Amino acid sequence: MKNMNGHDACVVVVDDDMSIRESLSNLIRSSGRKVKTFASAQEFLAGPRREMPGCVVLDVQLPGLSGLDLQKELAKVQPQIPIIFITGHGDIPMTVRAMKAGAIEVLTKPFQNEDLLQAIEEALNRSRQLHLLQSPPETSARRRDITFLDVVGQSAGLRNVLKAIETVAPTDSTVLIQGESGTGKELIARAVHELSARRARPFVKLNCAAIPMGLLESELFGHERGAFTGAIASRVGRFELADGGTLFLDEIGDIPLELQPKLLRVLQDQEFERVGSTRSIRVNVRIVAATHRDLAQMVKEQEFRIDLYYRLYVFPVLLPPLRERPEDIPLLVEHFASKRAERLNLPMPRIAEQTMAALLEYPWPGNIRELENVIERAMILSSGKELVIPLPKPPEGHTPPRPPLVTLAQAERLHILEALEEAQWVVGGLNGAAEKLGLKRTSLAYKMQRLGIVPVRRRRRFAQQGAVVLDTRVESECDASMTISSETGSCVPAGQSKLMSTVRSDGVATYEQAHVS
C-alpha cells in the first residue's frame, strides 16, 4: 500500500450521516483536495485501498465498529495516519481517549468550516513530514529541517528565532512567543512541539481572545454537569486533552485578571479542578504561549499579574514583523503562489520585477497572513501568465515605522560621508566634498578628523599593511563600545581586531592600532 502525502494525498471521510458526508466532501473538494467518503467503518475496511489516505476525518459515534475501534484497526496497518475526530455533545470519555491515542484534532459539532480545513491542512503536513522521516534514519538535524519546512525565509532575524527554538524545544521549559498579529506565532509554537520529546502526544491549541470571558474557564479546565446554567453534560478542558503533550495558549494577554490566578496555579503545580468540582486533576503539560500585546506594560498598568508574567517569561522568543525582514518577501511570494497553483492545478505565474518592487515597498501591517491572502486573491484574479497583484491600502491610522533618531554628530558624519562618496573622496577643488558642503577644505578636514572619518589614502595604507579596506557604511551601524574589524570589515567586540574604529556613545568614531596578543 502506497503512503500518499502532500497535496496529492486523499482525505477520507467516515460518517453514517449522508448529508454530513456530502457537505464535508463538497467542502474538502472546494479546497482543492481529493476526498473519498464511507458510511461506516466496515465499509471503509472492506473497500480496496491501493493508496494510504493522507488523513481520515472520522465520526466518533458510528454504527457497528466505532470511530475509536476503527482508529485501532488503522494503527495495525499504518500507525501514523493522522486522524481528525468529529463528535457531538456528551462524547467526553471518547474525546479524552481519542486525544490520548494521538488524534490530531477533535471537533465538536457544529464546527466552523475553517476549523476543519485548517485541521486537515495540519494533518496532511504531518503526514508529509512523517513520510520524509521514514526515508533515511532520522537525525536531530533532519528532524529540524523537516519541522521548519513551512517556515520560509533566510533573514538574520528569522534564523535567530529558529536557532532559539531548536535550543529550547528539547526541554520542557515554558516558551513565550511575542510578535505582531500575522507573524506566524502558531507555526513556531508547533515547531517547538514537533522538535520536543512530546511530538507523539497531543498538540492542543486555544485562542484566548476568541472565547467569551464567561466560557474561557470551562474551555481551559472543563466543567461538570450542572456547574452553571446550560451545562447539560460534563466537558473536558484543554489542559486534560493536552495531558502528556503541549498546550498552545494563543493571545495569552487577553486572559481576564480574575482567571489568571487559576492559570498560575496550573503552571506551578500542574493541578486544577473542573468548574463545579472539588476533585483535583493532575496533568503533565508543556505550555507554549503567544501574544501580540506588551505584557510588561500590561503589568505596569495592573492589567496582567506580575507573578503570572514571570512564570510565562521563562524563554521569550520575539518574532520580527515582515517589514523588518523584506529579504524574505520574494521567497514568501513564491512559496504562497506555488502552493496555491498546485492546489488549483494551475501553472506557476510569472511575477514581474515592478510587481515585486511594489510588494517590497508595501508596509504589510497584517504581516505574513496579509501577504498570503493578497497572493491568494491575485492567483484567483490573474487570467494571464503574469501575476497581477492589487495591493490594498494600509488601514486608516497606519503609518510606516519611522527610522530611529540619531545624534547630531551621527547625522553630520553621515552627511559628510555621502558628500565624500559623491566626490569620490576628493576633499578640495571645484568638485570636491568641501565645495559641495559649502565648507572650506581645512574646515572639512577638521570635521573629518573630529568625527573619525578616515581619508581614502589612509585606508589604502591600512590595506597595504594587511587590513581589509573598511566599508564606511559599517562604521555608522556599530553600537557603542563595538569596533570595526580590519579583517572582516564588520562590527565586533572590542579587542578582536588589529585596526579598530571605536564608536563612542556620542556617535564619534576614533581609529587606533590595537595590540592583539
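A crossing of two helices is left-handed if the near helix is turned anticlockwise from the far one by less than a right angle, and right-handed if clockwise. The model shown is predicted: local features need pLDDT of at least 70, side-chain atom pairs count only at pLDDT 80 or more, and totals for chains, interfaces and linings use all residues. Residues are numbered from 1 along each chain as its sequence is written, and side-chain values use heavy atoms, with hydrogens and water left out.

**View A. Helices α7 and α8 pack in a right-handed crossing.** Helices (DSSP H or I, at least four residues) and strands (E, at least two) are numbered from the N terminus. Helix α7 spans residues 156-168 and helix α8 spans residues 185-194. Their axes (lines fitted to C-alpha atoms, for helices over the stretch in contact; angles run from 0 to 180 degrees between N-to-C directions) lie 9 Å apart, at an angle of about 35 degrees. Contact (heavy atoms within 4.5 Å) is made by V161, L162 and I165 on α7. From α8 come I188, A191 and V192. By class (Ala, Val, Leu, Ile, Met, Phe, Trp, Tyr, Cys and Pro nonpolar; Asp, Glu, Lys and Arg charged; the others, Gly among them, polar), the α7 and α8 contact holds six nonpolar residues, no polar and no charged.

**View B. Helices α14 and α15 cross at roughly 115 degrees.** Helix α14 covers residues 329-344, and helix α15 covers 353-361. Their axes come within 10 Å. The crossing of α14 with α15 is right-handed. On α14, the contact residues are I329, P330 and V333. On α15, they are M356, L359 and L360. Six nonpolar residues make up this contact of α14 with α15, with no polar and no charged ones.

**View C. D328 sits in the loop between β14 and α14.** Strand β14 runs over 315-318. D328 counts as buried (under 20% relative accessible area; exposed is over 50%, partly exposed in between; 1.4 Å probe, protein chains only) because its relative accessibility is 0%. Its side chain makes a polar contact (a pair of N or O atoms within 3.5 Å; within protein, one must be able to donate a hydrogen and the other to accept it, and residues adjacent in sequence count only if both atoms are side-chain atoms) with the side chain of S155, at 2.7 Å. A polar contact of 2.7 Å also links the side chains of D328 and R325. Neighbours within four places in sequence aside, D328 touches G153, Q154, S155 and L158.

**View D. Q178 belongs to strand β8.** The strand covers residues 175-178. Q178 counts as buried because its relative accessible area is 17%. Leaving out neighbours within four places in sequence, the contacts of Q178 are K185, T291, Y313, P316, V317, L318 and L319.

**View E. Several residues of helix α9 are buried.** The helix spans residues 213-221. Its buried residues are L216, S218, E219, L220 and F221. Their cover includes strands β9 (203-207), β10 (246-250) and β11 (271-273). It also includes helices α10 (238-241) and α11 (260-269). Just after α9, G222 has a positive phi of about 80 degrees.

**View F. L257 lies in the loop between β10 and α11.** L257 counts as partly exposed because its relative accessibility is 38%. L257 and E303 are 46 residues apart in sequence. In space, they lie 6.8 Å apart, C-alpha to C-alpha. Neighbours within four places aside, L257 contacts Q302, E303, F304 and R305.

**View G. W364 and N367 take positive phi values.** W364 is not a glycine, yet its phi is near 50 degrees. W364 falls in the loop between α15 and α16 (367-381). N367 is found in helix α16. N367, also not a glycine, has a phi of about 60 degrees. W364 counts as buried because its relative accessible area is 0%. N367 is buried too, with a relative accessible area of 0%.

View H. Of its 517 residues, 45% are buried. Among contacts with a separation of 6 or more, 64% join residues 24 or more positions apart. The accessible surface (Shrake-Rupley method, 1.4 Å probe; for residues, only the protein chains shown count as cover) comes to about 26700 Å². Carbon and sulfur atoms account for 51% of that surface.
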